[in-house]
Amino acid sequence: MRRYGKHTDEDDIRVRPSRRGTRPRTHTRPKHEDAAEGFVLTVDRGRMTCLVEDRTVTAMKARELGRKAVVVGDRVAVVGDLSGAKDTLARIVRVEERSSVLRRTADDNDPFERVIVANADQLAIVTALADPEPRPRLIDRCLVAAFDAGLEPLLVLTKADLAPAGPLLETYAPLGLRYVVTSRDELADGAGAEAVRELMHGQVTVCVGHSGVGKTTLVNALVPERQRATGDVNAVTGRGRHTTTSALALPLPPSTTGGDGWVIDTPGVRSFGLNHIELRRVIHAFPDLEEGAAECPRGCSHNEPGCALDAWVAGGHAEPARLHSLRRLLATRERREGD
Ligand SMILES: Nc1nc2c(ncn2[C@@H]2O[C@H](COP(=O)(O)OP(=O)(O)OP(=O)(O)O)[C@@H](O)[C@H]2O)c(=O)[nH]1
Ligand SMILES: [Mg+2]
Ligand SMILES: [Zn+2]
């Protein structure tokens, strides 16, 4: 599995003074040593559903966690009643260090970012080929978010029964993305679902996209024993009806080629604000260009005269189409999503 780097939340950084040698050993032990490990499957109004061993346990944040958010995909330490019995409530006392954090802001000027999921490996950008119409701007934005977060992007083009995938795939060819094209019938007969599972096994994959593109339909095909509600697309506006209202992690069935993994269904997004993005981390996903960017003036937007990448490409170090794609992605922040 490829990773673009590991970074953590600011609130993950804890100053832990070394007390070894100065105090009795009992003081250096972490609190709640007896806590069980949990995996957050869903969050609903402050209640987290966690998988603890093979039980689903409802838990709330312990006071000591303060304002730290607990999100789907988090690995947590839980104490209290872990029986999973009805009406019991356990406490989450610790959130383990996150290997990745997918965030978005409501729009590009919004200073408040929210974490959508933690510890995902892969971002499935789900786009319908029709009904609703594909919007490449959102795809570009999701790609930027994936590169920033160090997630491997996977393009999932749905509703191939309604329109061909060719034109959209052409736009994204220079990026060399992994992709899969699906249609409802293929998903339903099992073979289509197996093809998607192949691309997901052993990983934690989070699905994002506009409402109505078929995220839940896809997840239902991948995990047939867990049927979530799907909704239709409004015939007048061509938009989905925001059927899914909370993110939910579901275990993929073990695959014939080994490994399982998780797929996370999320509510449809209207936009994907990128206020929090760091250019450096986006360019890191373009190793053929990253080296050439070393010659750029400080603070280069890579979209201005003086950017060293033009000379880099002219010198034959990278394909012009790659630079074009990178620039389109970087510029997506300056453009409105409907453009
Ligand atoms: N024709 C066709 N329709 C599909 C396909 N996949 C999903 N749909 C339909 O598209 C509609 C929306 O599907 P959902 O799975 O609810 O979409 P969603 O992305 O989960 O939407 P939100 O939960 O609102 O974000 C439903 O009526 C599905 O039956 C497909 O491959 N072909
Ligand atoms: Mg849904
Ligand atoms: Zn530059």
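## First stop: the cavity

Start with strand β8, which supplies four residues, the largest share of the lining of the largest cavity. Keep in mind as you click around that this is a predicted model.

That cavity holds about 80 Å³ of space. Select V126, T127, L138, H210 and V213 next: of the 15 residues in its lining, these are the closest to the centre. Now colour β8 (122-128) and α1 (136-149), the elements that each give two or more residues to this lining. Colour the lining by class and you get 10 nonpolar, three polar and two charged residues.

## Second stop: ligand 1

Move over to ligand 1, which takes up the space of the second largest pocket. Show the 21 residues around ligand 1, then highlight R184, S211, T217, G231 and T244, which come nearest. By class, this shell has three nonpolar, 13 polar and five charged residues. Which helix gives the most to the shell? Pick α5 (residues 215-222), which puts in three residues.

- R184: an N or O atom of its side chain is 2.6 Å from an oxygen atom of ligand 1.
- D161: a polar side-chain atom lies 2.8 Å from a nitrogen atom of ligand 1.
- G214: here a polar backbone atom is 3.0 Å from an oxygen atom of ligand 1.

Note on methods: Residues are numbered from 1 along each chain as its sequence is written. Chains are lettered from A and ligands numbered from 1 in the order in which they are written. This is a predicted model: local features need pLDDT of at least 70, side-chain atom pairs count only at pLDDT 80 or more; totals for chains, interfaces and linings use all residues. Side-chain values use heavy atoms; hydrogens and water are left out. A residue is near a molecule or strand if one of its heavy atoms lies within 4 Å of it. A polar contact is a pair of N or O atoms within 3.5 Å; within protein, one must be able to donate a hydrogen and the other to accept it, and residues adjacent in sequence count only if both atoms are side-chain atoms. On a 1 Å grid over the protein atoms alone, a cavity is a set of points where a 1.4 Å probe fits but cannot get out, and a pocket is an open set with protein on both sides within 12 Å along at least five of seven lines; lining residues have an atom within 4 Å of a point. A molecule sits in a cavity or pocket if more than half of its atoms lie within 2 Å of its grid points. Ala, Val, Leu, Ile, Met, Phe, Trp, Tyr, Cys and Pro count as nonpolar, Asp, Glu, Lys and Arg as charged, and the others, Gly among them, as polar. Grid points are joined across faces, edges and corners, and a volume is the space filled by probe spheres set on the points.
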